[in-house]
Amino acid sequence: MNEREAMARALDLAWRGWGRVQPNPLVGAVVLAAGEAVGEGWHAEYGERHAEPAALEQAGERTRGATLLVTLEPCAHYGRQPPCTDIITTSGIRRVVAAMADPNPIAAGGADRLRAAGVEVEIGLLGQAAGSQNASFLHRVRDPSRPFVGLKLATSLDGRIADSEGSSRWISGEEARAYVHWLRAGFDAIAAGGRTVRADDPSLTVRGSLQPRVAPRRVVFTESADLDRGLTVVRTTGDTPTTVIASTTAPAARLRELEASGVTVLLADDLEAALRSLRQAGVMSLLVEGGGKLAGALLARGLVDRYHWVQSPLWLGEGGVPAVSGLPDTAIANVERWEVAERRPLGGDTLLVMDRRPCSPAW
Ligand code: AOF
Ligand code: ZN
């Protein structure tokens with residue numbers, strides 16, 4: 001195994017923390033000695049042991065003179081965990097390769113500390129992939145104005161999210177649904193627009209094999225606050241908290257009724273203000289699952305960072321509900337092209353993950 005392969009393995013290991021470590025980063029580490037991976041580690045649980053000491057412990061005595069590959073620059077601070085730099089320098093590791101620098105100012109500086117202790121350090125191997133994997137963490141550190149916003153839509157080949165009768169159930173297959181539950185587990189909140197909630201009565205909960213450390217809260221964007229008390233997201237707010245974002249002009253009686261049901265109400269007159277209040281309320285990442293109006297409004301304002309598109313092999317026709325509505329026309333000469341982060345089959349469906357901007361890592 002060479003260093004690049006070991007870093008690719010470290011990136012794979014880091015995914016094991018998905019759903020368990022946010023808002024902290026996904027981190028994986030591999031100890032490479034004489035071309036062999038002798039230790040593997042990952043950050044498994046928020047606030048608990050970092051990836052580096054986990055990999056070093058597995059390598060035992062074989063850390064002497066070995067190389068440590070890690071997806072993020074080792075931390076140099078006392079947080080919930082002691083500094084990884086100290087553990088690395090006493091382990092006998094000779095060389096550290098990090099995929100990206102730590103953008104977190106409190107923990108950064110690890111590379112310099114290691115170099116001062118005589119360890120060789122290189123930063124940047126598979127940096128783009130590491131930045132993409134930790135897009136939400138990078139966003140949290142760099143942009144305090146709103147959460148990282150993911151948009152997930154399952155559409156027909158003709159770009160519809162529901163048939164002409166408004167039914168959106170079962171567009172995608174079993175594997176795509178399992179993916180969505182896995183995806184939800186890694187976000188702080190799952191959102192939908194009021195129309196979708198009224199039409200589909202979704203539960204917006206995580207029901208896959210991955211149990212998130214904290215169940216994402218549900219968020220409904222509805223200017224009118226017109227949500228019946230019998231709707232699942234309202235009825236079950238005691239189990240999984242629901243936040244309703246309504247306009248300041250929404251009827252006060254409706255707002256009181258929702259609050260009496262245990263729902264948190266936030267008032268905002270535009271999407272930017274709505275996202276700002278969510279961030280202030282501790283939502284670092286938000287997964288929006290439709291409908292087409294909310295998706296279009298967010299996209300039109302440049303408020304979507306990543307698009308998870310599940311494309312299903314069927315046609316729904318002219319009367320079907322468009323996946324995205326209200327996007328302003330753009331001439332081809334002026335379009336912004338999105339960056340493909342991932343594409344793969346999900347059973348008979350196809351997943352495409354795209355970023356509005358490349359997630360440039362920090363170094
Ligand atoms: C992690 N897991 O494997 C690494 C991290 O509060 P602490 O001590 O857990 O420190 C969190 C910071 O440490 C985090 O924001 C990141 O900058 C750095 N590295 N964090 O949670 C890890 N290596
Ligand atoms: Zn650390």
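How far is an oxygen atom of ligand 1 from an N or O atom in the side chain of Asn104? The distance is 2.8 Å, a polar contact (a pair of N or O atoms within 3.5 Å; within protein, one must be able to donate a hydrogen and the other to accept it, and residues adjacent in sequence count only if both atoms are side-chain atoms).

This is a predicted model, where local features need pLDDT of at least 70, side-chain atom pairs count only at pLDDT 80 or more, and totals for chains, interfaces and linings use all residues. Residues are numbered from 1 along each chain as its sequence is written, chains are lettered from A and ligands numbered from 1 in the order in which they are written, and side-chain values use heavy atoms, with hydrogens and water left out.

Stay with the ligand. A backbone N or O atom of Ala51 also sits 2.8 Å from an oxygen atom of ligand 1. For a polar side-chain atom of His77, the distance to a ligand oxygen is 3.3 Å. On its own, ligand 1 has 480 Å² of accessible area, and the protein covers 98% of that (Shrake-Rupley method, 1.4 Å probe).

Now the domains. An automatic or database domain assignment sets the bounds: domain 1 spans 3-129 and domain 2 spans 136-355. Their centres, taken over C-alpha atoms, are 34 Å apart.

What links the two sides? The count is 8 residue pairs in polar contact, both at pLDDT 80 or more.
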